[in-house]
Protein chains: 2
Amino acid sequence: MTRTLITETISKIGEIVLIKGWVNTRRDHGKIVFIDVRDRTGLLQVVLSPELAGNLHSEDVVYVTGEIQARPEKLINPKLATGTVEMSCEKVELIAKAAELPFDMGKENLDLELPTLLDHRSLTMRHPKIQAIFKVQAVIIDAFRKALQAKDFLEFQAPCITPAVAEGGAEVFKVKYFEHEAYLSQSPQLYKSLLVGDFERVFSVNKVFRAEPSVTTRHLTEVVSLDAEFGFIESWEEVQDMEEYVVRFIFAEVANKCQRELKMFNATLPKLSDKIPVIKLRDAQEIIFKRTGRDIRQEKDLDPEGEREICKWSLEQHDSDLVFISHFLTKKKPFYVFPDPADPTYAYSVDLIGRGVEWSSGGQRLNNYEQILENAKEWGVKAEDIEMYLQSFRYGVPPLGGFALGAERMTMHILGLKNIRESTMFPRDMERIDVSLRKNNTAITG
Amino acid sequence: MTRTLITETISKIGEIVLIKGWVNTRRDHGKIVFIDVRDRTGLLQVVLSPELAGNLHSEDVVYVTGEIQARPEKLINPKLATGTVEMSCEKVELIAKAAELPFDMGKENLDLELPTLLDHRSLTMRHPKIQAIFKVQAVIIDAFRKALQAKDFLEFQAPCITPAVAEGGAEVFKVKYFEHEAYLSQSPQLYKSLLVGDFERVFSVNKVFRAEPSVTTRHLTEVVSLDAEFGFIESWEEVQDMEEYVVRFIFAEVANKCQRELKMFNATLPKLSDKIPVIKLRDAQEIIFKRTGRDIRQEKDLDPEGEREICKWSLEQHDSDLVFISHFLTKKKPFYVFPDPADPTYAYSVDLIGRGVEWSSGGQRLNNYEQILENAKEWGVKAEDIEMYLQSFRYGVPPLGGFALGAERMTMHILGLKNIRESTMFPRDMERIDVSLRKNNTAITG
């Protein structure tokens with residue numbers, strides 16, 4: 001008999017079908033046992049005798065055959081997509097026996113401490129609410145690609161292994177590369193920029209690595225970066241416009257495909273009005289000072305409190321959960337940043353802030369070869385460390401810009417998760433690669 | 001004036017338009033100069049006076065304004081998509097000046113030695129024929145995803161940093177991970193398998209790393225792996241069927257979107273008949289022996305010559321450029337391989353061979369927890385090194401299998417490239433990360 005997926009059972013009343021999945025929960029009521037069977041499409045209530053149920057328990061893999069029956073009106077479960085039907089079981093085949101669970105997986109919310117959640121990642125990802133996170137994430141990433149493909153961007157695969165640390169930073173992982181030393185990429189910036197000289201418009205979904213020696217709720221050592229870069233721009237505002245288009249496209253796809261998942265988290269997509277407001281860093285700091293009396297007007301960036309405050313302002317004044325902050329200090333940005341000709345102290349760089357935190361950074365980049373060389377020197381970047389990048393500009397690259405969005409951060413802030421570790425399947429941080437490094441020290445270094 | 005893309009000019013005869021791009025080539029004919037301008041859509045011939053042309057040369061970035069005119073019948077260039085038109089130039093704006101080129105980029109074929117091609121990667125990727133490679137590659141990768149999304153597979157992001165070397169092998173890159181040692185992933189196998197316990201069907205486009213201490217035409221240290229894994233399979237043949245579906249889907253997409261690119265390489269997609277033939281390793285070796293007298297019947301694998309011979313056989317006997325080889329020796333495969341119950345010496349593992357080389361490997365995997373533990377022990381794999389993987393199977397995973405296709409290899413063998421380095425933008429090998437490591441030794445290790 002061919003497998004019937006669980007969501008298909010609602011249209012099979014009166015038919016004998018075979019379903020395959022996991023025992024999600026079991027309830028014993030004397031001479032009747034109820035098990036909810038779970039597959040990738042949903043849950044189905046199966047009614048069976050204690051004999052047939054045997055010692056089945058949660059997470060056993062089973063093939064179950066039986067008749068699909070309409071539930072009596074008053075037993076309809078409106079919370080379940082298959083709540084109008086149940087299966088009267090005729091045969092159960094045990095395919096893989098599960099060990100006793102370390103905690104209850106049958107609750108609507110998995111109320112676990114974060115280390116427990118992550119130590120049991122293989123198991124906890126079976127919970128519908130955890131699965132929802134990664135369905136939303138897959139939609140976000142796919143929407144990013146679709147948005148840019150529609151604008152004629154070419155997808156490329158950014159390298160992970162890089163020959164040098166071009167943008168400075170102690171926070172880089174070293175790789176023993178035969179008799180050489182290499183590094184894990186902190187950003188595909190130089191690659192995507194040089195590729196504008198070849199393909200005009202490129203994007204990549206790639207890994208970036210930061211050896212951040214601290215444990216926070218917003219940082220991981222390995223994250224998914226959604227990168228785009230394009231040439232022949234008329235103005236730095238064109239970069240924002242493209243980013244806004246991409247973000248709106250992603251929200252539309254999530255709204256379209258993830259209503260059920262959003263509902264599970266009581267999440268609503270960030271509010272957007274006609275256009276995402278853009279405000280210069282110094283103006284943002286002034287606004288924060290006026291609204292709160294807190295003076296960060298001389299700082300090079302917004303601090304977390306400032307980011308939250310400017311988002312409040314944006315929502316109140318512009319009806320927008322997202323806001324662009326532009327014109328950061330040129331000297332605090334990488335060597336390729338494009339200074340505003342009106343006041344070169346500040347640059348055409350722009351961050352996207354949403355719901356109180358940074359979602360992305362981007363801006364216009366230098367494309368004049370001599371100016372790039374000069375800046376590299378001034379910034380202390382060695383020409384031999386950025387040879388392939390310089391080569392592109394030596395042979396002519398048009399005005400360009402781009403941006404990078406963090407896939408985990410977007411997932412986190414769309415769903416309202418508290419810790420970025422929740423929005424990655426296998427979070428890596430200073431203390432964890434799958435399992436805790438402290439616990440498994442010998443296994444890891446041995 | 002808004003930019004007109006070059007392919008759009010064919011429908012703009014009589015109009016004054018602005019095009020933006022690079023000077024591809026320049027031909028001086030006394031009082032008339034011809035330049036071909038290139039943008040991401042194609043080439044356009046621009047006719048201009050020596051005064052307007054100034055000292056423009058190849059790769060200068062220019063904005064050119066002029067009238068689009070029909071070419072006289074006898075001057076139509078059938079090789080060019082815009083061969084029916086040209087621009088009579090009125091204004092040229094130089095946006096970025098290019099250095100003198102180290103070689104001629106205007107020829108139909110870039111006849112460069114491989115090191116020269118790669119040393120100048122930023123520049124050589126501007127050549128239409130090199131660009132074609134990466135357009136085909138982007139289509140292959142996108143088609144892989146689309147094929148699996150259509151079958152309800154969830155996309156996941158496989159980690160690059162791994163806590164241990166689970167499958168053995170000296171050919172692994174070490175990462176200094178704070179005070180620990182970590183490794184670059186050789187395969188997402190354990191992650192995709194464990195995720196079958198959560199999502200049933202998963203795929204990923206991910207980087208894998210091999211510290212191969214040799215320089216060959218088929219190996220790189222960082223490659224793009226197209227991975228799929230799924231559960232509730234009825235038989236090991238189902239894995240092949242899914243792979244065949246994916247490969248056919250990819251070929252169809254390439255045929256549909258890359259006719260121009262295939263033509264540039266005189267390439268035809270691999271021939272497929274109704275079904276890709278499947279042959280056991282021992283039978284393949286027997287066939288090779290019968291056809292050539294070369295006896296490799298006791299070997300654990302096909303050697304390169306054997307792979308070529310079995311592909312010849314497949315084409316002759318089955319009209320298929322692709323052939324599956326199954327039933328490799330269990331003991332020569334990783335610990336999770338599924339032994340054929342009829343003869344456990346051989347396993348339900350299957351390689352896809354195409355045009356004389358391996359394109360992928362896959363097969364059914366063990367899903368029984370006790371058997372996995374036993375095998376891990378027998379294979380010398382430490383349980384603590386595969387903790388997250390074991391966890392999944394401890395709690396019940398259905399029968400499963402999967403496969404991995406190499407994106408660069410597919411690109412290479414579809415287009416008939418000679419060296420795998422040609423089918424990756426930024427090839428990394430023992431002697432190169434962007435630039436030669438021998439040359440730049442001090443910069444790299446400094």
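Predicted model: local features only at pLDDT ≥ 70, side-chain atom pairs only at ≥ 80, totals over all residues.
Local features need pLDDT of at least 70, side-chain atom pairs count only at pLDDT 80 or more, and totals for chains, interfaces and linings use all residues. Residues are numbered from 1 along each chain as its sequence is written, and chains are lettered from A in the order in which they are written.

**Exercise 1. Describe the overall build of chain A: its extent, secondary structure, burial and domains.**

Step 1. Along the principal axes, the C-alpha atoms of chain A fill a box of roughly 80 × 55 × 45 Å.

Step 2. Chain A has 13 helices and 19 strands; helices (H or I, at least four residues) and strands (E, at least two) are DSSP runs numbered from the N terminus.

Step 3. Of its 446 residues, 51% count as buried. Buried is defined as 20 or more other C-beta atoms within 10 Å of the residue's own, with C-beta atoms placed from the backbone.

Step 4. The domain assignment, which is automatic or from a database, gives domain 1 (6-96) and domain 2 (126-424). Their C-alpha centres lie 46 Å apart.

**Exercise 2. Work out how strand β5 (residues 85-96) of chain A is paired with β3 and β4.**

Step 1. Pairing requires at least two bridges found by DSSP between the strands.

Step 2. With strand β3 (residues 42-48) of chain A, β5(A) pairs in the parallel sense over two bridges. Here A:Val47 stands opposite A:Ser88.

Step 3. Strand β4 (residues 61-70) of chain A runs antiparallel to β5(A), joined by ten bridges. In β5(A), A:Met87 is the residue opposite A:Ile68.

**Exercise 3. Determine how chain B is related to chain A, and what the contact between them consists of.**

Step 1. Chain B is superposed on chain A by a rotation of 180 degrees with 0.0 Å of shift along its axis, at RMSD 0.0 Å.

Step 2. The C-alpha of chain B nearest the axis belongs to B:Val175, 2.3 Å from it. The same surface serves both copies, since 100% of the contact residues of chain B recur in chain A.

Step 3. The contact takes 85 residues from each of chain B and chain A, where contact means C-beta atoms, placed from the backbone, within 7 Å. On the chain B side, helix α4 (residues 128-149) gives the largest share, six residues.

Step 4. Strand β8 (residues 174-177) of chain A runs antiparallel to strand β8 (residues 174-177) of chain B, with three bridges between them. In this pair A:Lys174 faces B:Lys176.

**Exercise 4. Explain why helix α11 (residues 387-394) of chain B is largely enclosed, and state what covers it.**

Step 1. Seven of its eight residues are buried, so the helix is largely enclosed by the rest of the structure. Among them are B:Met388, B:Leu390 and B:Phe393.

Step 2. The cover over the buried residues of α11(B) includes α3 (121-124) and β19 (435-436) of chain A, together with α5 (189-199) and α10 (369-379) of chain B.

Step 3. After α11(B) comes B:Gly396, with a positive phi near 95 degrees.

**Exercise 5. List contacts of A:Phe144 beyond its neighbours within four places in sequence.**

Step 1. Those contacts are A:Val205, A:Leu226, A:Val246, A:Ile250 and A:Leu405.

Definitions and conventions:
Contact = placed C-beta atoms within 7 Å. Buried ≥ 20, exposed ≤ 12 C-beta atoms within 10 Å, placed from the backbone. Least-squares fit on C-alpha atoms with pLDDT ≥ 70 in both.
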